[in-house]
Amino acid sequence: MTDLAGRAYLDWNATAPMRAAARAATVVALDAGNPSSVHAEGRAARAVVERARAEVAAAVGATPRQIVFTSGATEANALALSPGLELCDGHAHRDGLAVSAIEHPSVLRGHRFGTLPVETVAVDCDGVAQPATVAEALARLVARGAVRPLVSVMLANNETGVIQPVAAIASAVHAAGGLLHVDAVQALGRIPLDFRGLGADLMTVSSHKIGGPKGAGALVVGPRVAHIASPLIGGGGQEQGRRAGTENVPAIAGFGAAAAEAVAELAVAADRMLGLRRHLAERLLAAAPDALELGAAVPRLPNTVAVSLKGLSAETSVIAFDLSGVAISAGSACSSGKVAASHVVEAMGHPGLAGSTLRFSIGSTTTEADLDRAIGVWRTVVGALANRQGKAA
């Protein structure tokens, strides 16, 4: 990440600063050959890609052959959410799609189901998609003529950090004859991740969320999926015919190095982040007792705090924090710099707070001093809001 000395970076869910190991692996691979070439240079490049594939597979509890490298999570999500999935039993999944209401925009708007039936899975006030609610959405799809639907539910929400009961959801989906896709982008490197244990059929992960370079992601393809009949990018036979084009060797090398390091430090890093998260949340709520900490009653990522305060403008607050040297966000960093009302907060039943929510996300190098700086700005922002409201009264 560009050196911005003297600032406090609390937007790790948007992107993580690049790890030294990932940077080194990326730089070394910049001169790599074409991994599809048969000569020595090509074989060396192929070895780099396959080593990274094994590192990513080990990080997510999969086998190397199940890893399909892409340009990022958005592409991986679009590849997964396709009506052209062919199963190992010879059937095709092309009936319909169900997605939870709190998914990332790359899932909500990035799928390829077109005119086929699409259902939304509601979440409760804590932001959890309950298995029974998923089953209800599947029943609606069946009523619309779907027989073998696809369901997409994220493992951990990017705005609130709320963790979904994916294993239980997988059981409900499979009982209905469906497939389950899981966006695990925010989970990798923050909680233990086990593709097989979750019961997912497809799973998306990303490089830059764990300190790898931007421009690399992966779709994990489970044993029930035999073929993606309509890949996004056609051409050569790279990535087992699932994603054509010469692999981005430097980015993939960095991705592998970041995945290996993130998993190696996970236990210690997660405990440390959890302590910092609790410290931050306590201080934020102490300064604004009327604020709501989203998802506080359910399991969450150890690094994410989302707070809503009635009357607060998320857009102007993010700017105020930035001008005071603190980087935070108002939700997903996917709108070309725009700050919009949070569809996640709306889905949780708080439409009046959708434009008044701030997200603080921390990482392995976050310090207590960073948090104290953010808390100081928060007090200023809250005080200004109270002053305006007092004058209006």
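A: Let us begin with a single pair of residues. The bridge partner of Glu293 in strand β13 is Val307. The model is a predicted one.

Q: In which sense do strand β12 and β13 pair, and over how many bridges?
A: Strand β12, residues 292–293, pairs with β13 in the antiparallel sense, over 2 bridges.

Q: With which other strand does β13 pair, and in which sense?
A: Strand β15, which spans residues 357–361, is also paired with β13 in the antiparallel sense, and 5 bridges join them. Within β15, Thr357 is the bridge partner of Ser308.

Q: Which residues lie on each side of β13?
A: Thr304, Ala306 and Ser308 are on one side, while Val305 and Val307 are on the other.

Q: Which way do the residues of strand β5 point, and are they buried or exposed?
A: In β5, residues 97–100, Leu97 and Val99 point one way, whereas Ala98 and Ser100 point the other way. All of these residues are buried.

Q: In which sense does β5 pair with strand β6, and in which sense with strand β7?
A: With β6, residues 118–121, the pairing is in the parallel sense over 4 bridges. Here Ser100 has Val121 of β6 as its bridge partner. With β7, residues 150–152, β5 again pairs in the parallel sense, over 3 bridges. Leu97 has Leu150 of β7 as its bridge partner.

Q: Let us turn to helices. At what angle do helix α10 and helix α12 pack, and how far apart are their axes?
A: Helix α10 covers residues 314–323 and helix α12 residues 368–392; they pack at an angle of about 135 degrees, with axes 10 Å apart. That angle makes α10 oblique to α12. An angle over 145 degrees would count as roughly antiparallel.

Q: Is the crossing of α10 and α12 left-handed or right-handed?
A: The crossing of these two helices is right-handed.

Q: Which residues make the contact between α10 and α12, and of which class are they?
A: From α10 come Ser317, Ala320 and Phe321, and from α12 come Ala374, Val377, Trp378 and Val381. By class, the contact has 6 nonpolar residues, 1 polar residue and no charged residues.

Terms used: Residues are numbered from 1 along each chain as its sequence is written. This is a predicted model: local features need pLDDT of at least 70, side-chain atom pairs count only at pLDDT 80 or more; totals for chains, interfaces and linings use all residues. Side-chain values use heavy atoms; hydrogens and water are left out. Buried means under 20% relative accessible area, exposed over 50%, partly exposed in between (1.4 Å probe, protein chains only). Two strands pair if DSSP finds at least two bridges between them. Axes are lines fitted to C-alpha atoms, for helices over the stretch in contact, and angles run from 0 to 180 degrees between N-to-C directions. Angles under 35 degrees count as roughly parallel, over 145 as roughly antiparallel, 65 to 115 as roughly perpendicular and the rest as oblique. A crossing is left-handed if the near helix is turned anticlockwise from the far one by less than a right angle, and right-handed if clockwise. Contact means heavy atoms within 4.5 Å. Ala, Val, Leu, Ile, Met, Phe, Trp, Tyr, Cys and Pro count as nonpolar, Asp, Glu, Lys and Arg as charged, and the others, Gly among them, as polar.
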